[in-house]
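Colleague: Before I use this model, I would like to go through some of the terms attached to it and hear what stands behind each.

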Amino acid sequence: MQFTAAQIASMTGGTVDGDPLVTVSTIAKIEEGHPGAISFLANPKYTHHIYTTKSSIVLVKKDFVAEQPVSATLIRVENPYETVAQLLEMASKMMEPKHSGIEQPSFISEGVEVSEGSYIGAFAYIGRNVKLGNNVKIFPQAYIGDNAQIGDNTIIYPGVKIYHNCKVGANCILHAGVVIGADGFGFAPTEDGHYHKIPQIGNVVIEDNVEIGANTTIDRATMGSTIIRKGVKLDNLIQIAHNCEVGSDTVMAAQGGVAGSAKIGSHCMIGGQVGVAGHIAIGNNVQIGAQSGIPRSIPDNQTLMGYPAVDARQFMRQAVNVKNLDTLYRRVNQLEKLLAEKSENK
Amino acid sequence: MQFTAAQIASMTGGTVDGDPLVTVSTIAKIEEGHPGAISFLANPKYTHHIYTTKSSIVLVKKDFVAEQPVSATLIRVENPYETVAQLLEMASKMMEPKHSGIEQPSFISEGVEVSEGSYIGAFAYIGRNVKLGNNVKIFPQAYIGDNAQIGDNTIIYPGVKIYHNCKVGANCILHAGVVIGADGFGFAPTEDGHYHKIPQIGNVVIEDNVEIGANTTIDRATMGSTIIRKGVKLDNLIQIAHNCEVGSDTVMAAQGGVAGSAKIGSHCMIGGQVGVAGHIAIGNNVQIGAQSGIPRSIPDNQTLMGYPAVDARQFMRQAVNVKNLDTLYRRVNQLEKLLAEKSENK
Amino acid sequence: MQFTAAQIASMTGGTVDGDPLVTVSTIAKIEEGHPGAISFLANPKYTHHIYTTKSSIVLVKKDFVAEQPVSATLIRVENPYETVAQLLEMASKMMEPKHSGIEQPSFISEGVEVSEGSYIGAFAYIGRNVKLGNNVKIFPQAYIGDNAQIGDNTIIYPGVKIYHNCKVGANCILHAGVVIGADGFGFAPTEDGHYHKIPQIGNVVIEDNVEIGANTTIDRATMGSTIIRKGVKLDNLIQIAHNCEVGSDTVMAAQGGVAGSAKIGSHCMIGGQVGVAGHIAIGNNVQIGAQSGIPRSIPDNQTLMGYPAVDARQFMRQAVNVKNLDTLYRRVNQLEKLLAEKSENK
């Protein structure tokens, strides 16, 4: 399937700068461009590639000014990243395997209804009283425990495990290996030095439009619910402990961990490998740098880094201060020497 | 099912302070209380909720003194947290799905005996010469490799993978996605700059009463065994490398990692995202703060924090010292200036 | 099966120092030695065990000099660790379960060819147009998505999930729970404060001789490929984000994370729980200490530690400098006091 620059411009509300009849049939990174491909330039860091790319078309910002000759045809758009997302969506619809129907063998408990257009892969397990929305895709080897609910259009990739009583909203994507609703980590010490398990009788509630990365784990609440609000995006290998709440449209990069009963606000951006202590509250619009450790509650709109985390600018100053300590020690040595000489000379 | 305050007090050895005939049918967090629910107050941080909770009954410590009027009926007990654990256990027995029998299709190698009362879920795989104890529950899509052993009453949740020759004790719980006995990470560099795999012919031995969180991985030993002693509790996404030993009743929070051949003592408490270096020994009763890095062996009874970890109080002082470095640099600037002036004035 | 010291020496090119006729039938760690076992001494840290070990034979370096009497027979070799790797390989071939053929029920899409000598375990899922090399082993409950390719002799352990279009080379080992090709974490913010998913239409390419540890996740590229070059060894629970490239013969210890579009050179050694920022390039032969954070590009041949990472020796000095800050503060206090006294005395 081929598109001309003029066609793409008209689909994306852009304007053509170059040959409107040049055609493309695939998408490529600007630095890996080749004839017949369309690329995009969103990050200024990559601007130099536009002068050498072999792609036939490059999407650029409306106000892009070339400082050298460009051989590719340009299509100028408001937001090249968003436009490429649209094109990728069209491409992915053309390229991604389609699945529907019920593959055999699968295990679907008696009385569970599977709507037309849904997919149940081979070796998937659907427990008792499970409620499946319309047009769900349950890939092979996924497990949906008793009484669980899955909303409309949600995709459950291979091997996802959802424990009993948990709820997943509509339009969610759960990637392979995700575990929803395993027991929270709760134990009461006994007098003879052992631990007694605190049963975890709550569940996990995942609202609509949530995406969860591969092998991420979200534990069920001791009582009540561990809650992932609508629009949250969690990367791979993240741990969300029992009784946590993650606010709407918050994004967390891979390998972060949130300890029990912590509450994270909405529209936060949390870097990779961050740790959040238990029983604290993080406000809305908080940004946390990668690998930071958050030991206490944080008000709205903060930008934090470090372990223990401080304001990001303060973190940068601290890092410089620590780096320069060799010099500071020398300067204090020198002061002591000078002062000792003065005392002797007196 | 309903219970009166008087009934609960008699079951738990508590005393009623309020209406002994008020009834409850569920458990709720104190801040989410509602009529008909019982809550508990164990952490003093939450004391203020007792004056506003709508729960009908609240479990409190024997010596709790209300500073404002409380509308709920109180039941005074020695340890509210332990008591609620008992109640949760009763509740979980009433609420959790029951599973028994052998679901089809499952794969059980010839000659493997499944005792009455056990559960083998659909798509579970039981290898050759596997020994299963009495009353085990093997959930769907779990894999038990050849020659593995599972003790009495142990629960293997969906999708757990146990490699050949590994042993899991009695009364253990392994949550979804746990991997026991994958090859340890051992490679010998070759002269031409590649790596040669060191075969890992040992196994993993997990003793009784161990609980292991979702997606945690415990590697098999190169030779001999990687050992998890009785009563250990591991949270989610933890890595235990080959030839490690974790001592009895030690608890580790999520995402911690223990490198090869490290030995951790008994009754330790290890925070989330902690890293322990290989080939070191950590004593008994050691407490390690979240995100710490432990580069060397640690004697008994230490409390550590930081990267590299130091005594916890020292870590706190270090953090303050680093935070105040701006001021220290200014003070040294000032000293240098004063001393220079003095020299000029002389 | 038993071997004499003389036989082992002749197999390994070593020389016997002791009884050439003593026999062994198993391998044991030197500190857990027992009659009938062979042990080895490679790490000088463990030298003291050679004087007390009960093993019948110990492999030592050619130039080992005993400082006390040794009761075991010694076999002197160039590289005891490599020699033991050879012996382990022989042992593992004798001890490891053999699998071949196609177990039922499994799901193999029409037209997919399975070569003789290959193994497809029960509940494994092989998608449409999958290409399997010769002598592959696909363990139970593994998932190979549509159009994926698996090279000759590659072992896919239980429960591995490989998404559509991904390629795995020859002689690779993927351990249980590995997820290859889940969507990269890419979202475009929308004007109303939500996120729009950027479809991820690329794939993952894993070259030959790669080993990947349990529950590690490698995301598919937005466009193009996430690439793991030949000979790479990844430990457990590692995250490799979309569009990354990991250079040949690089090894990464458990729980490390590499953010999107980062490029790591060849022959690097990366410690556990390390974080690498997105869109940066790390050179060849770079060594990074455990738990370090790498915020910017790194040239070849560096040795780094810390967060943010600095040269390893500088990191050590920094740690000492920070530890000694109490004293520095006291010294500056003292200087200020002395100078104030001087001013008063003037």
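The conversation below takes up those terms one at a time.

Modeller: Please keep in mind throughout that this is a predicted model.

Colleague: Why is A:Thr222 counted as buried?

Modeller: Its relative accessibility is 14%, and because the term applies under 20%, A:Thr222 counts as buried. The residue sits in the loop between strand 25 (217–219) and strand 26 (225–228) of chain A. Leaving aside neighbours within four places in sequence, A:Thr222 is in contact with residues including A:Ile198, A:Pro199, A:His242 and, from another chain letter, B:Leu88.

Colleague: What makes the pairing of the side chains of A:Thr222 and A:His242 a polar contact?

Modeller: The two side chains are joined at 3.1 Å, and since a polar contact requires a pair of N or O atoms within 3.5 Å, the pair is given that name.

Colleague: B:Leu88 takes us to helix 2 of chain B; how do you know that the length of this helix is close to what is expected?

Modeller: Helix 2 (residues 80–95) has 16 residues and reaches 22 Å from its first C-alpha to its last, against the 22 Å expected at 1.5 Å a residue. Its buried residues are B:Pro80, B:Thr83, B:Val84, B:Ala85, B:Leu87, B:Leu88, B:Ala91 and B:Ser92, and what covers them includes helix 1 (5–12) and strand 5 (37–40) of chain B.

Colleague: How do you know that chains A and C are related as by a three-fold rotation axis?

Modeller: Chain C can be laid on chain A with an RMSD of 0.2 Å by a turn of 120° and a shift of 0.1 Å along the axis, and the two copies are therefore related as by a three-fold rotation axis.

Colleague: Which residues bring helix 4 of chain A and helix 4 of chain B into contact?

Modeller: The axes of these helices come within 11 Å and cross at roughly 30°, in a left-handed crossing. Among the residues making the contact are A:Leu325, A:Arg331 and A:Leu338 on one side and B:Tyr329, B:Asn333 and B:Glu336 on the other.

Notes: Residues numbered from 1 in each chain as written. Chains lettered and ligands numbered in written order. Predicted model: local features only at pLDDT ≥ 70, side-chain atom pairs only at ≥ 80, totals over all residues. Heavy atoms only, no water. Helix = DSSP H or I, 4+ residues; strand = E, 2+ residues; numbered from the N terminus. Expected span 1.5 Å × (residues − 1). Buried < 20%, exposed > 50% of the residue type's maximum accessible area, 1.4 Å probe, protein only. Contact = heavy atoms within 4.5 Å. Least-squares fit on C-alpha atoms with pLDDT ≥ 70 in both. Polar contact = N/O pair within 3.5 Å; in protein donor to acceptor, adjacent residues only side chain to side chain. Axes fitted to C-alpha atoms, helices over the stretch in contact; angles between N-to-C directions. Left-handed = near helix turned anticlockwise from the far one by under 90°.
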